Amino acid sequence: MSIMKIWLRLIMIILAMAIITGCSTGPSNSKYSTFFENFPETRFLIFSDPHFLSTGLYDQGIAFQNHLLYKKGNLTEYGPEILDALTNNIKEVNPEFVLVSGDLTNNGEEKSHLDFIEYLKAIEDSGVPIYVIPGNHDTENPYSRQFTGNRSYPTPTVSRGEFLSLYDDFGYAEAFSRDKWSLSYAVEPIGGLILIGLDSTVPGEGYGYIHRETRDWLESELIKARNAHQGVILFMHHSLLEHFSGQDGDKEMRLRNRKELLDLLLNYEVKIVFTGHYHALDIVSESKGAHKIYDIETGCLLSWPFSYRTVSLNTEKITVSSGSLDIPDISAEGRELSYNRIFRFADSFLSRYGVRSDDREKIASYVSEVLLNHYEGDEEDHIQPKKPEHLSLLGRMALFAGRNYYAGRLEDPEPDDLSLIIDLRGATGSPQP
Ligand SMILES: [Fe+2]
Ligand SMILES: [Fe+2]
């Protein structure tokens, strides 16, 4: 064989190897495509923390007005109008399905659950399936009460078993797998896409915890989905990631073993988890090597900005958008109403510690503005509230003591909170144009 022929053969071999190597970096070998290969394009909607209180459980007396003070901006008395607006919105958007990430009721009242379910039935009757999971307020709640005049009385709450049968039509009956140890389940809302509703609640407690047995169940579902090359999305009530610095210090509200759950989800390259609980529109992410997971928090439906999310999903990308309900009676003054409610709470809290009224006014307006900016998302795009000045010594001490509550919420880590595109062929998320 001539040197020329040997040379040509060598070039052919190198070319063939280059083609084979080139193919191996494509979808079949890409670690980011394994979870999202075999399902049609879909679009769904998420809302969270509707905190519905049955209209049969309160009047306009002092007891109910006092109760509203502790609701951090929730416009509880507008629940029916807000759910009507949501129902109309869902009919207009016409998503393939809807997720509700917990805190369905004010304080787990049985009557509130029954009335809330009537709204869910109306949405499902229009052809849109709904999947729910419980929040910390929804079961075995010791604060389940009704309000009459200047008094409140206990009203029945629901057990875990009762929650399961009440919401049978909204996830549990359709589930192909259920965890024996919690109210977690897995469904396949469209072929090839697995939706896992993870119950992060501990009955009667504000904090969350995922038990060993539930993690084992979750892992077995993730293995099955990976082997079948199915896409997986999770939704749960408590935050998976820290949404603002200091959140992990909130022992009574955080998911206490969130890092164990995070490790598991990172190991299986889960990309998105939808959460609620802290009532804000906020997105944060965490990476392990080249893999990145997003915690997409949706705000409380019952307070400004009456937010919801829509998500479009295909094998190439996940597109997250946010919307704000238009509620005919209150939208124009919605921000002011939520602001006033937070302000009144902060003001009465400070008065208990003897802070004088001019200091209370400055601190309460500052804290209300910080909290609403956080609820609205993309905090840096809003005007930063002016820090209270010329405070008395007690006022300065009160502001310092409460810094864990507001300081972290002034910052907004990447990415953007209101819209996001996650490239499923790469590891990064980028804001929508
Ligand atoms: Fe909530
Ligand atoms: Fe909650």
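**Close-up views of the predicted model**

**Figure 1. Glu269 is placed in the loop that runs between helix 7 (258-267) and strand 10 (272-275).** The structure shown here and in the following views is a predicted model. Phi of Glu269 is near 55°, a positive value in a residue that is not glycine. Glu269 has 20 other C-beta atoms within 10 Å and, because 20 or more is the criterion, is classed as buried.

**Figure 2. His51 is a further non-glycine residue with positive phi, here near 45°.** This residue belongs to the loop between strand 1 (42-47) and helix 2 (62-69). With 26 other C-beta atoms within 10 Å, His51 is buried. In the chain as a whole, 42% of the 433 residues count as buried.

**Figure 3. Seven strands make up an open sheet with mixed pairing, in the order 6-7-8-9-10-12-11.** Strand 6 (177-178) and strand 11 each have a single partner strand and stand at the edges, so one side of each lacks a neighbour in the sheet. Helix 6 (residues 212-227) packs on the sheet and touches strand 6, strand 7 (185-190), strand 8 (193-198) and strand 9 (231-236). The direction of helix 6 makes about 175° with that of strand 8. Helix 7 also packs on the sheet, where it touches strand 10, strand 11 and strand 12, and its direction makes about 125° with that of strand 12. The chain contains 11 helices and 16 strands in total.

Figure 4. Within strand 12, Tyr294 is the bridge partner of Ser285. Strand 11 and strand 12 form a hairpin with two residues between them. In the turn of this hairpin, Gly289 has a positive phi of about 60°.

**Figure 5. Leu234 and Val273 touch the most other members of the largest nonpolar core, which has 99 residues.** Helix 9 (residues 357-376) gives the most to this core, contributing seven residues. At least three residues of the core come from each of domain 1 (42-328 + 415-430) and domain 2 (333-410). When residues up to four places away in sequence are not counted, Leu234 touches Ile196, Leu198, Val270 and Val273. For the chain as a whole, 74% of the contacts between residues at least 6 apart in sequence join residues at least 24 apart.

**Figure 6. The peptide bond from Trp304 to Pro305 is cis.** Omega of this bond is near 10°. Pro305 is found in the loop that links strand 12 with strand 13 (307-313).

**Figure 7. A cis peptide bond also leads from Glu414 to Pro415.** Here omega is near -5°. Pro415 has its place in the loop between helix 11 (403-406) and strand 15 (420-423).

Notes
Residues are numbered from 1 along each chain as its sequence is written. Chains are lettered from A and ligands numbered from 1 in the order in which they are written. This is a predicted model: local features need pLDDT of at least 70, side-chain atom pairs count only at pLDDT 80 or more; totals for chains, interfaces and linings use all residues. A nonpolar core is a set of buried Ala, Val, Leu, Ile, Met, Phe, Trp, Tyr and Cys residues joined through C-beta atoms within 7 Å. A residue is buried if 20 or more other C-beta atoms lie within 10 Å of its own, exposed if 12 or fewer, and partly exposed in between; C-beta atoms are placed from the backbone. Helices (H or I, at least four residues) and strands (E, at least two) are DSSP runs, numbered from the N terminus. Domain bounds come from an automatic or database domain assignment. Two residues are in contact if their C-beta atoms, placed from the backbone, lie within 7 Å. Two strands pair if DSSP finds at least two bridges between them. Axes are lines fitted to C-alpha atoms, for helices over the stretch in contact, and angles run from 0 to 180 degrees between N-to-C directions.
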